[in-house]
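Me: I'm new to this structure and would like a close look at one part of it, the open sheet and what surrounds it. Could you walk me through that part slowly?

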Amino acid sequence: MTDLLLTGGRVLTQDEDRTVYEDGAVAITDGRIDAVGPVEEVTSEANRVVDTDGTAVVPGLVNSHVHVSDILLRGVGATDRGLYDWLFNVKQPGTVAMTTEEHVLAATLYAVESLEAGVTTFVENATEVRWGSLDTTEAKLDAYTDVGVRAIYGAGIHDLPADEEFLAHWTDVRARDPETPPVDPDEFTVETETALDGVERLIERRHDPDDGISIWPAPVLVEGTTTEGLQGAYEVATRHDVMTTTHVAEAEIQERGPLSSVEYLNNIGYLGDRALLGHCVKVTDRDVRLLARTDTRVAHNLRANMRLATGFAPVVSMLEADITMGVGTDNPMLGDAIDLLGDTQAVASVHKGHHRDPGVVPAQQAFDMVTRDAARAIDRPDLGTLEVGTRADVVAVGMAQPQLTPSPDPVHALVYGGHGSDVETVVCDGELVVENGQIATLDRERSELLADAETTASDIVERVGLV
Ligand SMILES: [Zn+2]
């Protein structure tokens, strides 16, 4: 007997041929899709049936680069600040002041907002890991499991102490907000071995993709990690059959001496199909060739890069070079919403304007970048499509709405007119997690969670004195 049957609606499988069933159905058993096709060809016998008539049924969206805890700082101090100003004066003082309970609240709110927007998988870049005690990390992972989202936790590694040049830059940037408590640039710096051992132990303890949690080693920044730290992270990823991720060339080409960051990473052996590089905004044509040649994956964080005014990643060149790319919403205090469909619209629009070429990044390409391509970018080919045998992450987006009518091409409609708020039903790993547009797995009232987040956020802002 089938566990769960979604029946009716336009099923966009995102398979190799991008097959669409105009009146389709998806049958799910044991967390996997066991049938997909026209309604009349899929069994009608199921323990539970959800009527998805009037929706577009699509694969659960994959958000390939995010930060979680600063969701409680949304709307604070993000105006007229560049990357380092925002990072040193707002984000770091705010998130470092948070208690474990506040991080858990942030993680819960993040998971709820993600699922309600159709995002069933995200890659968290946890940049502030305290390797001496992983209580906060473990508590956040528990929160993701409780809400029922699929989380990849990039455990941050920072093992290169700040040098004089960095400290001088930091001091100049900090001078804008002398009243907010400073976060020492080496607050999270640890010995290389401590971080690499720590991440291996964490993988052994918590990495369980079948249960929705993956752990990756995640050097935070090229300029904040030693060569040994980066090489060690790639080795750990290889040994445990996971990936590794880091931030690369978000604002500068050369983050470490005269070589471009990408060239440096290539020289030390960090590029390859186990590496997912966030941003890659300031990269050269040669860098793009190196990324393509090594089959390195890229997470494109368009809206955050627009907000911080760091520029346009050469997405068109990277796609032409056949680099596998996903899209990330990055920091929720920059995006601001975790509305990956909205980001897809931006990706499909901004590059056309930037290149003055209406032919670049077609809607289908942008949609691939949050479904099948994103799944390949994180080495999860069992996600991102609706095919027999893939994990049952399925989203039904309500199409019977003025802004999505008419919709002769459902992909075009979703990319240019769809938003997370249009999502009606979400299944993650075979479990019904969103019903009628709202989270169904919380152990308390949704309104209570939101009220708690509002109060806690104001308390943090006041406590830290953020402006
Ligand atoms: Zn990031």
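Reply: Let's start with the open sheet: seven strands in the order E3-E2-E7-E16-E17-E18-E19, with mixed pairing. Strand E3 (20-21) and strand E19 (438-439) sit at the edges with a single partner strand each, so one side of each has no neighbour in the sheet. What you're looking at is a predicted model, where local features need pLDDT of at least 70, side-chain atom pairs count only at pLDDT 80 or more, and totals for chains, interfaces and linings use all residues. Residue numbers run from 1 along each chain as its sequence is written.

A few words on terms. Helices (H or I, at least four residues) and strands (E, at least two) are DSSP runs, numbered from the N terminus. Two strands count as paired if DSSP finds at least two bridges between them. As a general point, strands of a sheet pair through backbone hydrogen bonds, either parallel or antiparallel.

E16 and E17 pair in the antiparallel sense over four bridges, and Val394 has Val427 in E17 as its bridge partner. E17 and E18 are antiparallel too, over three bridges; here Val427 is partnered by Leu432 in E18. E17 and E18 make a hairpin with two residues between them, and Asp429 in that turn has a positive phi of about 55°. Then strand E18 (residues 431-435) pairs with E19, again in the antiparallel sense, over two bridges, with Glu435 opposite Gln438 in E19.

How covered is E17? Six of its six residues are buried, so the strand is mostly covered. Buried here means that 20 or more other C-beta atoms lie within 10 Å of a residue's own; 12 or fewer makes it exposed, anything in between partly exposed, and the C-beta atoms are placed from the backbone.

Next comes helix H15. Its buried residues include Pro410, Val411, Ala413, Leu414 and Val415. The buried residues of H15 pack against strand E2 (10-12), E3, E7, H12, H13 and E16. For contacts, the rule is that two residues touch if their C-beta atoms, placed from the backbone, lie within 7 Å. In the loop between E16 and H15 you'll find Pro406, and a cis peptide bond with omega of about -5° joins Thr405 and Pro406.

Helix H12 covers 340-355 and helix H13 covers 363-368, with Arg356 in the loop between them. Arg356 isn't a glycine, yet has a positive phi of about 50°. With 7 C-beta neighbours inside 10 Å, Arg356 counts as exposed. Val361 is found in that loop between H12 and H13 as well, and its phi is near 45°, a positive value in a residue other than glycine. Val361, though, is buried, with 23 other C-beta atoms within 10 Å. For background, most residues other than glycine have a negative phi, and most peptide bonds are trans.

Finally, step back to the domains. The domain assignment of the protein chain gives domain 1 (2-59 + 392-439) and domain 2 (61-377); bounds like these come from an automatic or database domain assignment. The C-alpha centres of domain 1 and domain 2 are 30 Å apart. Where they meet, 25 residues of domain 1 are in contact with 26 residues of domain 2. On the domain 1 side, the elements giving two or more residues are strand E7 (55-59), strand E16 (394-398), helix H15 (410-417), strand E17 (423-428), E18 and E19. H15 gives the most to that side, with five residues. By class, the side of domain 1 that touches domain 2 has 14 nonpolar, seven polar and four charged residues. In that count, Ala, Val, Leu, Ile, Met, Phe, Trp, Tyr, Cys and Pro are nonpolar, Asp, Glu, Lys and Arg are charged, and the others, Gly among them, are polar.
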